[in-house]
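Please work through the exercises below with the sequence and the model side by side, trying each task before reading its solution.

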Amino acid sequence: MTKKRMISIWIVLVLLFTGAIGGCLTEASAAVKVKGEKTAGDYKYRYSKEYKGIEITKYIGKEKEVYIPAMIENKPVKALARHAFYSNEVVEKVVLPDTIVEIGAGAFGSCFKLNNVTLPSQLRAIREETFSTCPLLTELKIPSSVKYIGSSAFLWSGLKQITIPASVREIDNWAFNDCRELEQVMIPENAKLEKIGEAAFSECYQLKTISPLPASLKKLGTRVFDGSSLREIHFAPNAKIKELPEKCFFNCQGLREVDIPKNVTKIGAKLFIAVDETDGKYYYRHRVVKINILGGKIKTIEKDAFKGINKKAVFKVPSKYKTKYKKLLKKQSWFKPTMKIRV
């Protein structure tokens, strides 16, 4: 068993264990009166000065389909609190009213039967672990109002495809980690996305397609596409990103073509390192055959950055920088005489 697989199993066990404990704590604390909390039908709630409306603190009903009201006590329902539906064993469908602007962290975490959610049109963010461990949630429309997708927001969910709205500025660490059914990620050309965090799409083994990463992108985390089935990774030519971090395309063994955006100045070490599933050792056996260098700003190529790419790989470079890249690339220990530098 590989170290990575052991870590993955450990994470799942921790989630399940803490989920069980969390459920017990929630039940144990249910009898404790929270200041200002009231009950109406299937909901516990309170008035929130922060949101200037009602915050639902807990769903206590037993329905499979839940339609959250837009008004309680003639006041708008503005927020769903942290863990409001956490570890619910019954709910399958939830429709949230457009009055809601905030959903707390882990609100739907470990809802194993949840398969249908309608999010409000004014939602500001999808917080950390909001839909983590929801294996039957295969699709979701993220509203165009969302600017942030939090850490582990969809960890171990059943998503098969997802469209990231142009409004999103950050996808945090582990956001879609271990979404093993995820095949396609769509990002519009006019996206404002600036950051994709560490391992955000790690262990998405079925991920075959992702839109060109947008011009707005400034930062990628390490191991961002670890273990994906991507064959190509493209960027908008003028993407703002300045560094491809270490192990950026870790264990993407099917990768054939990669862009290096024109503003990149540094390429991290072991960009294409791979792991053997039988003994956990590192290998350099990627089949990348084409690297498109879109600009002339690269100054640093760290150790073993391209080690293991196809021995007949082609580096396509801008004509005016061909001489520069001949000098830079040919002095790398991994560069082979069979590799080509072309315009």
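**Exercise 1.** Determine whether Cys248 is buried or exposed, and how many disulfides the structure holds.

*Solution.* Start with the accessibility of Cys248, whose relative accessible area is 0%, and which therefore counts as buried, the term standing for under 20% relative accessible area, with exposed meaning over 50% and partly exposed lying in between (1.4 Å probe, protein chains only). Next, turn to Cys252, which is likewise buried, with a relative accessible area of 0%. Then look at the sulfur atoms: the cysteine sulfur closest to that of Cys248 belongs to Cys252, at 8.2 Å, which is too far for a bond, because a disulfide is defined as a pair of cysteine sulfur atoms within 2.5 Å. The structure accordingly holds 0 disulfides.

This is a predicted model, in which local features need pLDDT of at least 70 and side-chain atom pairs count only at pLDDT 80 or more, whereas totals for chains, interfaces and linings use all residues. Residues are numbered from 1 along each chain as its sequence is written, and side-chain values use heavy atoms, with hydrogens and water left out.

**Exercise 2.** Locate Ala274 in the secondary structure, and find how far its C-alpha atom lies from that of Phe249.

*Solution.* Ala274 belongs to strand S22, residues 274-275, where a strand is a DSSP run of E with at least two residues, numbered from the N terminus. Its relative accessibility is 0%, so Ala274 counts as buried. Although Ala274 and Phe249 are 25 residues apart along the chain, their C-alpha atoms are separated by 8.9 Å.

**Exercise 3.** Which strands does S24 pair with, and in what sense?

*Solution.* Strands of a sheet pair through backbone hydrogen bonds, either parallel or antiparallel, and here two strands are taken to pair if DSSP finds at least two bridges between them. Strand S24 (residues 290-293) is joined by 4 bridges to strand S20 (residues 257-260), the two running parallel, and Glu257 has Lys290 in S24 as its bridge partner. S24 also pairs in the parallel sense with strand S26 (residues 314-316), over 3 bridges, with Ile291 standing opposite Phe315 in S26.

**Exercise 4.** In what order do the strands of the open sheet containing S7 lie, and which strands stand at the edges?

*Solution.* The order is S4-S7-S9, with parallel pairing of the 3 strands. Strand S4 (65-67) and strand S9 (116-118) stand at the edges, each with a single partner strand, so one side of each has no neighbour in the sheet. Finally, S7 (residues 93-95) pairs with S9 over 3 bridges, and Lys93 stands opposite Asn116 in S9.
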